[in-house]
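Subject: Structure handover

Hello,

Here is the structure I promised to pass on. Please open it first, then read my notes below.

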Amino acid sequence: MSVELYKAIIVGPPNVGKSSLVRRYQSDEFRETHTATIGASLSAATFEFPEGRVVLTIADIGGQESFSGLRNQFYQGAHHLLLVYDVTERSTFERITELHEALTKKICIQREDFLGGSLVANKSDLIDEAQVTEQEGKLLADLLTLKFFSTSAKTGMNVSELFHYAAAESKRLRHIT
Ligand SMILES: Nc1nc2c(ncn2[C@@H]2O[C@H](COP(=O)(O)OP(=O)(O)OP(=O)(O)O)[C@@H](O)[C@H]2O)c(=O)[nH]1
Ligand SMILES: [Mg+2]
């Protein structure tokens, strides 16, 4: 059976819930406390497709990192970009466009590959505290040609769909030529 390897990077301002999304997907857990990710944290997830297995490396980049260092080694060779904001903090939504621009410039993908991407509106369980509407999120996703996901690491809403899409889209883009 064939095995294909891809890499997704999960980025966004501090405290938006990047590590929580990965934790929910990998171990179906949620923690109320925030422990800032220092540098990056790597994990891998396996997906079974009719054509074979896909192993997705997930690089969870600490929010501090993405605005100061933009250290190349974390971004190199990425196939899928997961851009996360917190719907209860409008300022995190407002950082997305510049972050998207900086990262797409920075990522050195192999020439035969394409970079896929998702825009992730996290903490969607906090409906009463929302400062960004779903419509605004979808509009921005269309503008940046990203797939939009409204997620909650707390309830698990759309979390497996998100990572499954990253794997499936990486595979699709690889085989497009
Ligand atoms: N209500 C709610 N809280 C969340 C959700 N996701 C994360 N949180 C909380 O938000 C805080 C930050 O979560 P983290 O996953 O550590 O955030 P991060 O984006 O990895 O932060 P950095 O590593 O500093 O960049 C924690 O207190 C989490 O419990 C969510 O979907 N809903
Ligand atoms: Mg983190």
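Predicted model: local features only at pLDDT ≥ 70, side-chain atom pairs only at ≥ 80, totals over all residues.

Start with helix α6. The buried residues of α6 are covered by, among others, α5 (96-106), β5 (116-122) and β6 (147-150).

Which residues of α6 are buried? In this helix, which spans residues 134-143, they are G137, L140 and A141. They sit on the same side of α6, because they cover an arc of only 100° around the axis.

The face away from the buried side carries Q135, L139, D142 and L143, which are exposed. After α6 comes T145, with a positive phi near 55°.

Next, the core. The largest nonpolar core has 39 residues. A8, I9, I10, L82 and L83 touch the most other members. Take L82 as an example. Leaving out residues up to four places away in sequence, L82 touches A8, I9, I10, S118, V120 and A166. In general, nonpolar side chains tend to be buried together in soluble globular proteins.

Finally, step back to the whole chain. The protein has seven helices and six strands. Along the sequence they run β-α-β-β-α-α-β-α-α-β-α-β-α. The C-alpha atoms fill a box of roughly 45 × 30 × 30 Å along the principal axes.

Does the overall size point to a compact globule or to something else? A compact globule of 177 residues would have a radius of gyration near 16 Å, and the protein has 15 Å, so the two agree. Of the 177 residues, 38% count as buried.

One more figure concerns contacts between residues at least 6 apart in sequence. Of these, 73% join residues at least 24 apart.

Best wishes

Technical notes:
Residues numbered from 1 in each chain as written. Chains lettered and ligands numbered in written order. Buried ≥ 20, exposed ≤ 12 C-beta atoms within 10 Å, placed from the backbone. Helix = DSSP H or I, 4+ residues; strand = E, 2+ residues; numbered from the N terminus. Arc of directions from axis to C-beta. Contact = placed C-beta atoms within 7 Å. Core = buried A, V, L, I, M, F, W, Y, C linked by C-beta atoms within 7 Å. Rg over C-alpha atoms; globule rule 2.2 N^0.38 Å.
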